[in-house]
Amino acid sequence: MAQENNWVEVCKLEDIPQRGSRRVRTGSLQIAIIRTHEDEVFAIEDKCPHLGGFLSEGIVHGSQVTCPLHNLVIELKTGEAVAPDTGCVKRFAIKKENGNILMDLREAAREAA
Amino acid sequence: MKKKLVVVGNGMAAGHMLEELFDRGNDEYEVTLFGAEPRVNYNRIMLSPVLSGDKTYEEIIIHDDEWYDTHNVKLVKGVKITSVDREAKCVISADGDKTPYDKLIIATGSNPFILPIEGHYLEGVVSYRDLDDVNLMLDASKGKGKAVVIGGGLLGLEAAAGLQEQGMDVTVLHLMPTLMDRQLDSAAAYLLQAEIERRGITVITRANTEKILGEDKVEGVQLDDGTKIEAELVVMAVGIRPNIELAKECGLMINRGILVTDHMQTSDPDILSVGECVEHGSECYGLVAPLYEMAKVIAANLDGDMDAAYKGSVTSTKLKVTGIDLFSIGDFSEDEGREGIILRDAAGGVYKRLVISDNKLVGVVLYGDTQDGNWYSQILKEERDISEMRETLVFGQNFQGGPPLDPTAAVAALPDEAEICGCNGVCKGKIVSTINEKGLTSVDEVKAHTKASASCGTCANLVEQLLSVTLGETYNPDAAKPMCACTTLEHGDVRRLIVAKQLKSIPAVMQELEWSTAWGCAKCRPALNYYLLAEWPGEYVDDNQSRFVNERMHANIQKDGTYSVVPRMWGGVTTAAELRAIADVADKFNIPTVKVTGGQRIDLLGVQKEDLPKVWEDLNSAGMISGHAYAKGLRTVKTCVGKEWCRFGTQDSTGLGIKLEKILWGSWAPAKVKLAVSGCPRNCAEATCKDFGVICVDSGYELHFAGAAGLDIKGTEVLCNVETEDEVVEYCTALIQLYREQGFYLERIYKWAKRVGVEKIQEQIVEDEALRKELARKFYFAQKFLQIDPWREYVEGKDAHEFKPLAPLAEEVV
């Protein structure tokens, strides 16, 4: 099957500050790996749907991140902008295993292609 | 064609259901409403005030005829529906008229329970249920004779108090040993009985009425111990029974009440039921709040929203007798594993009992002081763990750490979910947001838009306080603005409470001040981080994750995600060596733009994020530190060349500017702070549009503050004149410290001055020498922890993760 997953390690959980994020690049695609206060980890395209700001530089609160450029708020669980703003970011599958953060490279590669 | 909705029963439940339905904008139904009473829908809870003469019938009408017209509801008054033909789907009236339905709602309410004793049919025996009963009682009371009320529950006592107000000589007979035994424990009941008796009402408990005496008319009652009590009026208030006659007649499933699902469906899916006639989860309810919750569910379901479901209610009770404050909620029977906390002040007439099980509040009885009723019911409904506040719980909300709040502040501190109007289930958040959205300015408007305080009215004062909290003392809509959507508190309240409650971390603030979100938002977190930093120097640990990216990176983010770097250039003075180092950095890191800023220094624009520490390292080694061009804090001190070079210069403005910058750098403030020092009144450094400005004159220094040249343009205010540089420094640091303590986050000095008053600031800085010196001392103390070059810290490896991107993921070919 050509559509098998290809999980690769991106970093360790402790590499990302709580309520913070790290950026990882694959090809031309920038991905923000965001860790909430509750240690949930989300991966989204590091590009605000508004004017392309780096969401990895935003303030993380609850399961949301606020873009540093113009304060658009993204709900990480859905990738959607919080009303009254609109728009959404791409989300990527991510999993935690023994303190390692894994991403599905095939999915990311498809997006980057 | 519209669907036919037939409602049998025009009480409060039915009325509220229709209101909810119309509020949703639904017009799919042609509504026919049958009411057995020959009148419109009125507020049954307010019958007691009508009886006592505090209100008239007209004042308690909920829906007048016009309302039914407006909403195209066909109201059939005084007609009793006697049967339902479920096959043909129509209801049949006593006269045999048939009305077809697609959906039928049975809202027949309840009947008062009449003790089936001898004489219960006599003239002068009344129940206490509807307006007719009240009118009968009012007629009877005209003779100012004697009345007996059978039943010492909520209704019975309200009736007794009302009749006594009307001048009757009243005796209350109660079967159980204590009054209101379903809502009160014996101690509270004792206090209640004492108060009722003090008003001249006779109370006989353990009174089992055997018969009612009289030929045609009532003459008195006789108890089973032979006691006879004279009376011209006997009110039976011994309880209610769900009115299930109609449901029974047409074969719906019934028990004590009409059995319904969570969607209020009876055993026939096209027949719904709401109100006191309903039995849901083995409970029948006789209070308005649960009925309204049911009504809401039906309206939502009829409107197609099947997610709405009724899950049962925890009810609380208030006695509506003027001057008696009584509140109860939950279960306070004594059981194993239950613990009670009791506060008793018999002389003061205050009794509070909290019943706790498993660290959760399960029951509350308050007598004499019920202002914390809503707070307790919130804790109870949320099943909050109370172990932390157990010791002070019984003293109420005001005593949960910190000094007592006034009632308005207590309301301000309530969380958004706090229920304000128990009858209509309206929470604080809904009221506050409606006030804000619709620009409401009075209790009546709030009542109209939210229904809060529209039923029993006991929460009207809370609504009033909410208005004052939301709109400010003058009910001026601009006066009060919450910090952000996470709280209803204003910046000023938060700053005050941080000090009063000694809150020293962001989670502590959010917990104690009942933030509605976990970890706040991008508006409140930076503000709280600053407030804590300013309040607890040396103690509070700066939370990097609560800082805006620029302050976290110590550089300014640009729209393409690169950064700009501005090294400090003291007083705008540089050297050839510094300029050379800057030029080298620009070459080495391919920095595309080098620009002179408005604050007399050099900006390197377009630096890649991962290069930042290396850029800083090179600048550091040439002796330069961060210019804080990104900071809510001191930015620049602009100077002119002063008397060292200028033929007009009166003092060493450059030297003074450098001195000030060296003292002030690194300090955080509510917003950015820009200074300037001009060597003469020609003012080449443009000191009169700065946050703090100095104009040198022959005799010394003219100090200015509160200027602006950005979003707003504003000339400075003169603070005062001083003679020495040391004085300039003292006044300047004191003023900035005062601003650090009083300013709201993002509020520039000119806005702060406008808010608190220029004179007020002058009084504190100029006239109060002791305060000025203390402020300056506090400023220097804080600086001990703040004058650390952030660039050097990063160069030395602090928070390296901020700059190092993760290793790129290989571009694997799929």
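Trainee: What makes 46% of the 113 residues of chain A count as buried?

Mentor: Good place to start! A residue is buried if 20 or more other C-beta atoms lie within 10 Å of its own, exposed if 12 or fewer, and partly exposed in between, with C-beta atoms placed from the backbone. Of the 113 residues of chain A, 46% count as buried. Keep in mind that this is a predicted model, where local features need pLDDT of at least 70, side-chain atom pairs count only at pLDDT 80 or more, and totals for chains, interfaces and linings use all residues. Residues are numbered from 1 along each chain as its sequence is written, while chains are lettered from A and ligands numbered from 1 in the order in which they are written.

Trainee: How do you know which elements chain A has?

Mentor: Helices (H or I, at least four residues) and strands (E, at least two) are DSSP runs, numbered from the N terminus. Chain A has 1 helix and 10 strands, and their order from the N terminus is β-β-β-β-β-β-β-β-β-β-α.

Trainee: What makes strand 5 and strand 6 of chain A a pair?

Mentor: Two strands pair if DSSP finds at least two bridges between them. Here 3 bridges join strand 5 to strand 6 (residues 64–66) of chain A, and the two run antiparallel, so they meet the definition. His61(A) stands opposite Gln64(A) of strand 6.

Trainee: Why do strand 5 and strand 7 of chain A stand at the edges?

Mentor: The open sheet has 3 strands in the order 5-6-7 (chain A), paired antiparallel. Strand 5 and strand 7 (73–75) of chain A each have a single partner strand, so one side of each is left without a neighbour in the sheet.

Trainee: How do you know that residues of chain A are in contact with chain B?

Mentor: Two residues are in contact if their C-beta atoms, placed from the backbone, lie within 7 Å. By that rule, 33 residues of chain A are in contact with 22 residues of chain B. Elements giving two or more residues to this side of chain A include strand 1 (7–12) and helix 1 (105–112).

Trainee: And why is the set of 206 residues called a nonpolar core?

Mentor: The name applies because such a core is a set of buried Ala, Val, Leu, Ile, Met, Phe, Trp, Tyr and Cys residues joined through C-beta atoms within 7 Å. This largest core has 206 residues, and Val274(B), Ile298(B) and Leu735(B) have the most contacts inside it. Its largest share, 10 residues, comes from helix 8 (residues 288–302) of chain B.
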